[in-house]
Amino acid sequence: MAPLIPGSATAEGTTRYADRFAGRLPAEHFRGLDGLRCSTVGVGTYLGREDAATDVLYQDAIARALELGLNVIDTAVNYRHQRSERSIRTALETAIRRGAIGRDEVVVATKGGYIPFDGAVPRDARAWFTAMYLETGIVAPGDVAGGSHCMTPRYLRDQIERSRANLGLETLDVYYVHNPEAQLEAVERPEFLARIRAAFETLEAAVGGGKIARYGTATWNGYREDPRAPGHLSLEELAGAARDVGGPDHHFQVIQLPYNLAMPEAFTRANQPVKGELVSLLEAARRLGIYVMASASIHQGQLARNLPPTVAELLPGFATDAQRALQFVRSTPGIGTALVGMKSVGHVEDNAGVAPTAPLPWAEFQRFFSAA
């Protein structure tokens, strides 16, 4: 295996990257995460076929994104059966070798939790899982929830190493526990909290070992649920778990959840208890000092076409509905980075077309909800 690329994203490196776009992109296009400057639009790598042609599409898309001022790349070990992480490795190695980017200029986030196949679905998935995970002791009977989700310490340690190798990076800038609410389908909440504390303790140790720089949770339903729902996640409770194991200087610093014109709950639903008060997820994150990355910013392409005329009226000056949908997300108070799947250069160029425009000020943004 080739040696891992040393280093990680740094304040100095990401500032250097942002400064290269001075005069072309507004300063507001970059936002602060633990000293880093992160673009308000980031590259997602979830969708696409598990084949070499799609690998190349992603490699080209990432290279173009870095040229256009997008320095946040999001993935997961299970995306496209580990192929997305490996495509990112090729793209970054090429860009760094060409001198187009420094390792310290780009923020790479990945996730662990769902058991990933290796490149393709095996002919006998059960036999493969037994040989790969059970017989090796990486997973024990009873560790897996819902037939596919695991977040035990030994499993997360294994997945971090797989992601480091796949991405070719010595240090992962952000490491998420992927959809931890999946565990609540199998265990009661006290057991879930014990498991999340053990996971966070493992991730704090990984920070100490230089394998990751910070961590968080990437969720789908958990943060958007009603507080009484079985799968609800309390951000305050999870931050408290991180504080329990990592102290006041813990590294639980980032979360991810879906947010878009069709799924605005993170902004509109007061479902997060913070010191006895119910507030929105984005307000809870603000109070707790946690950066928010929005997934599904154009609802997996559904908002890239046929938006209501009222949206276009509120967002004049954009060429496409995808740009309008992204502008809504990146203008929402509390959203740091709007992630969108980009598996072609054309997608990148369209989505990056929003970057030269500053996010909407509050007086203009709130018109979306007064109009509703």
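Biologist: What should I know before I read any values?
Modeller: This is a predicted model, so local features need pLDDT of at least 70, side-chain atom pairs count only at pLDDT 80 or more, and totals for chains, interfaces and linings use all residues. Residues are numbered from 1 along each chain as its sequence is written, and side-chain values use heavy atoms, with hydrogens and water left out.

Biologist: Pockets, then. What volume does the largest pocket have?
Modeller: About 680 Å³. A pocket here is an open set of points on a 1 Å grid over the protein atoms alone, where a 1.4 Å probe fits, with protein on both sides within 12 Å along at least five of seven lines. The volume is the space filled by probe spheres set on the points, which are joined across faces, edges and corners.

Biologist: How many residues line the largest pocket?
Modeller: 34, counting residues with an atom within 4 Å of a point. Y46, L47, A296, Q300 and G341 lie nearest its centre. The elements that give two or more residues to this lining are β12 (337–341) and α12 (345–352). Helices (H or I, at least four residues) and strands (E, at least two) are DSSP runs, numbered from the N terminus.

Biologist: Which element gives the largest share?
Modeller: α12, with four residues.

Biologist: How does the lining of the largest pocket split by class?
Modeller: 14 nonpolar, 15 polar and five charged. Ala, Val, Leu, Ile, Met, Phe, Trp, Tyr, Cys and Pro count as nonpolar, Asp, Glu, Lys and Arg as charged, and the others, Gly among them, as polar.

Biologist: And the second largest pocket: how much space lies there?
Modeller: About 300 Å³. Its lining includes I115, F117, R126, W128 and F129. The classes are seven nonpolar, three polar and one charged.

Biologist: Switching to rings. How many aromatic pairs does a search of the whole structure find?
Modeller: 20. Rings of Phe, Tyr and Trp (its six-membered ring) pair if their centres lie within 6.5 Å; planes under 30 degrees apart count as stacked, over 60 as edge-to-face and the rest as tilted. One of them, Y133 with Y155, is tilted, at 5.9 Å centre to centre and 50° between the planes. Y133 sits in helix α4 (residues 125–134) and Y155 in helix α5 (residues 153–167), 22 residues apart.

Biologist: Is Y133 buried or exposed?
Modeller: Buried, at a relative accessible area of 0%. Y155 is buried too, with 0%. Buried means under 20% relative accessible area, exposed over 50%, partly exposed in between (1.4 Å probe, protein chains only).

Biologist: Which residues do ring pairs link into a cluster?
Modeller: Y259, F267, F328, W362, F365, F368 and F369.

Biologist: Hairpins next. How do β9 and β10 pair?
Modeller: Strands β9 (residues 270–274) and β10 (residues 277–280) are antiparallel, over four bridges. Strands pair if DSSP finds at least two bridges between them. Q272 has V279 as its bridge partner. Two residues separate the strands, and K275 in the turn has a positive phi of about 50°.

Biologist: What about β1 and β2?
Modeller: β1 (residues 30–33) and β2 (residues 36–39) run antiparallel and are joined by four bridges. F30 is partnered by S39. In the turn of this hairpin, D34 has a positive phi of about 55°.

Biologist: Where is R80 placed?
Modeller: In the loop between β4 (72–74) and α3 (83–98). R80 has a positive phi of about 50° although it is not a glycine. R80 counts as buried, at 3% relative accessibility.

Biologist: Is N306 buried or exposed?
Modeller: Exposed, with a relative accessible area of 70%. Its phi is positive, near 60°. N306 lies in the loop between β11 (291–295) and α10 (309–314).
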